[in-house]
Amino acid sequence: MLQRSSKRPQQQLGLGRRLLRDRVLLLFALPGTALIIVFHYVPLLGNVIAFKDYQPFLGIAGSDWSGWENFSVIFNGDPAFLRALKNTLILTSLQSVFVFPAPILLALLLNSLFSERIKRIAQSILYLPHFMSWVIVVALFQQMLGGSGLLNNYLRSHDLSTINIIGNSELFQVLLTSQIIWKDTGWATILFLAALSQIDSQLYEAASVDGATRMRQLWHVTLPGLRGIIILLFILRLGDSLTVGFEQIILQQQAVGRDVSEVLDTYVYNNGVLGGAWGVAAAVGLVKGLVGVILVLTANKVAHIFGEQGVYQR
Amino acid sequence: MPVSRRTLLGGGLAAAAVAVTGTPLLAGCASDKKNAAAANAAVKLPTYVKYGAVKPDLPGTDVVLDGFLKYPANPVKAIAEAPGDGKPITFMTNIPGAIPPSVDKNQFWQQLNQRLGSELQISMASNDEYKDKFATRIAGGDLPDILNIPPDTPQIPGLVKAKCMDLTEHLSGDAVNKYPFLANLPTEYWKGCVFNGAIYGVPVPRGMSRTSLALYREDLLAAKGIKDPAPKNFQEFFDLAKEMTSAKQNKWAWTRVPMSVIRMMLGIPNVWKEEGGKFTSMYEHEAQQEALEAGRKMVAAGVVNPDAFNDKASARKQWFNGGIAAFDYDSFVAWNQYYSDNTAGPAFSVNMLDVPGFDGGEGKPWMGSALNNVTAFNKDSKHSVETLLKLANWMAAPFGTEEYLFRKYGVAGRDYALQGTDPVPTKAGVVETGIGLQYICDAQLSLYWAGKPDVPQKQHAIQEKIAKRLVYDASYGLYSDTLSKKQTQLKKTMDDLENQIVQGKKPVSDWAAAVQTWKSSGGDKMRAELEQALADTAGK
């Protein structure tokens, strides 16, 4: 999928001929394109409410224009907005450092298992949590680690002091990150395992003939083989790096308070959907989207400079 | 489903499509708002005509609700004509209980449709999710004929002006007599249905029935040898909680921190207090810090379920019903709900604690908010306003009528079994009738529990005890633009801080600073507007 040859044959045919030639392929692409236009691009036009004093009952056309007023929370640094931004950035960095590399490590680990049987079983178990919804995952954590959960009940019945894990604002970011790792790491290994299986086994043979240890093989053969996919995924991750898990957070927000749990997405929800400040919420959402685009473009550019393919090519 | 920015805006765009095809409305001018209070006060509210056909066993007063020990024999059929017009009527609401079976599997609902003469199509969401549903349906411009509007919805005046029918000429003064059961709702409740100088909805009255205090499991306390508990001050209240806690058996006295009870002990106002034209908010009261200290003490002593801060109302109810907790802060409505959800067997029994003063004497209980919600009718509904009002009237037929019996208890033999004259709900009945009809309109609650005359007796007794001491929210029926726009968000910020303080995560002293922020970000403006509204309406 990524190995597109950069030297495509030059197109000599006219546009009409090309359309005619590719008509079947174009037909295949039609439903998907329509879907994206109707459900992604057309709704984007709704972002216009960021510049309006939007009232849902008046509709977009009926609401008054308000210029840049909605953006004032961003430019003037409204404390609630800054708090959401700060928490978002903290979670983004935690996720980049801890969540992103986890599947790579796990994939390497799985890859080093010799028994195919054990590997299959391990993979199946690891994929499972991905298919649970956040409500279930949060409830599971609650039942295990909550104040009246399994762990604390055990401690209490043995006269030991209890540990406040769920609902503890100091541990909230750690908890969120652990939940994501538990839920999605297994699933995320799929792409890395696929990439690992693409690495030519002759390279390993050659390396071991040259006397390379397993660590050196990892460093000189395996990781270079994974480099393309790691960079690709990292750039894609940057694109929605400011999306740090809406559902997961909103489900657990009440106990820990907004000081540590309000992120941009929950800010948009709490102020827009619940608070009725739709315009401000849209403005914040719009800025968030723009930041994402800028991050992707920059990261891609950097990847090009270092001679990688990145997400797309010019 | 996560509500991402995209889906959120998608809804907005649908609203745009409607606005283009429908009639775009201009936003209300500023001058409209200035005179809103005076205009609202000028509205002639529906005349109260009490429907006196059914005599209560335990007569109430203006405040105390009527109590009944038995369902009257041979209930009167009070409405002869079916209210519907033959065409389906749509309704959107929250429902407090379990999801009921759909209409094709719900005999109660099927028979309801027959009786109404119109198919009632109900779009439901659980209490926790209704606000999301409401906001998105409004934004999508996809409104039903009948709309349950929660009182804390932002900007109700603008909303009803743009989307709902003006009912003034059909309800104002004696016009309401055409709908005798709407006329049977005391005038006080209609105050909350007036916006922009017109009546825009019918009330779903609560008031006294929504008054909340400490509910307790009589059976669990009795098992510990405690009978008729009546703590005389906070210390005794606290000791009682300690006695009912045994963490090793995973039992905690309280389902949540009873902050409101503590505040009532300290005489803190019920939301807003008015004295000589000046308004003060509960947040500003000098005893707040003491209240927070007391709440903190309860959490630190471990008498509150350690998961109290994570969970939603549904978990709280499970703990109380399941005997994991012995105390809950809730209302008379919830008291009944506990009996209908009862999973603990026949011994299950609930009672309510009176509230003492913090250091002795009497506490000041808060009157429950007057309305559960306002129910408004869609301007673009194909039904006539008379049809919809007739339907609301049907839903408001009071206790003792045949309509009430059917509405609340369902189909005889299936949804309830008659025990003497008492309709005792069956399992099927509890779920089948839970379709949210009470939010179209409702009579004032009557104290009654089928087959358990001790329940209304206990309820009536505590109501008589507290009636004289009730403290009212002075802002009810007064319009403040800032309040309607910002109240929800500001309250959430304060609740959030309260949660952190009582958990011991933040110092009590943070409260004062938060009150300052509250004032500057809208609190002072609300106060000014409320004072103005009161002055504008004075003498009218």
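**View 1. Two salt bridges link chain B and chain A**. This is a predicted model. In one salt bridge, the side chain of Asp159(A) meets the side chain of Lys248(B). The N to O distance there is 3.2 Å.

View 2

View 3. About 4300 Å² of area is buried between the two chains. Carbon and sulfur atoms give 55% of that area.

**View 4. A five-stranded open sheet in chain B**. The strands follow the order E2-E1-E3-E13-E6, and their pairing is mixed. Strand E2 (120–126) and strand E6 (202–205) stand at the edges. Each has a single partner strand, so one side of each lacks a neighbour in the sheet. From one strand to the next, the twist averages 25°.

**View 5. Strands E1 and E3 of chain B, side by side**. E1 covers residues 89–95, and E3 covers residues 146–149. The two strands run parallel and are joined by two bridges. Where does Phe91(B) find its bridge partner? The partner is Ile146(B), in E3(B).

**View 6. A four-stranded open sheet in chain B**. Here the order is E8-E11-E7-E12, again with mixed pairing. Strand E8 (252–254) and strand E12 (350–353) form the edges. Both have a single partner strand, so one side of each is left without a neighbour in the sheet. Neighbouring strands are turned by 30° against each other on average, direction ignored.

**View 7. Strands E7 and E12 of chain B, paired antiparallel**. Strands of a sheet pair through backbone hydrogen bonds, either parallel or antiparallel. E7 spans residues 212–217 of chain B. Four bridges join E7 to E12(B), and the two strands run antiparallel. Which residue of E12(B) stands opposite Ala214(B)? Leu353(B) takes that place.

Methods: Residues numbered from 1 in each chain as written. Chains lettered and ligands numbered in written order. Predicted model: local features only at pLDDT ≥ 70, side-chain atom pairs only at ≥ 80, totals over all residues. Heavy atoms only, no water. Buried area = accessible area lost by both parts, 1.4 Å probe. Salt bridge = Lys/Arg side-chain N within 4 Å of Asp/Glu carboxyl O. Pairing = 2+ DSSP bridges. Axes fitted to C-alpha atoms, helices over the stretch in contact; angles between N-to-C directions.
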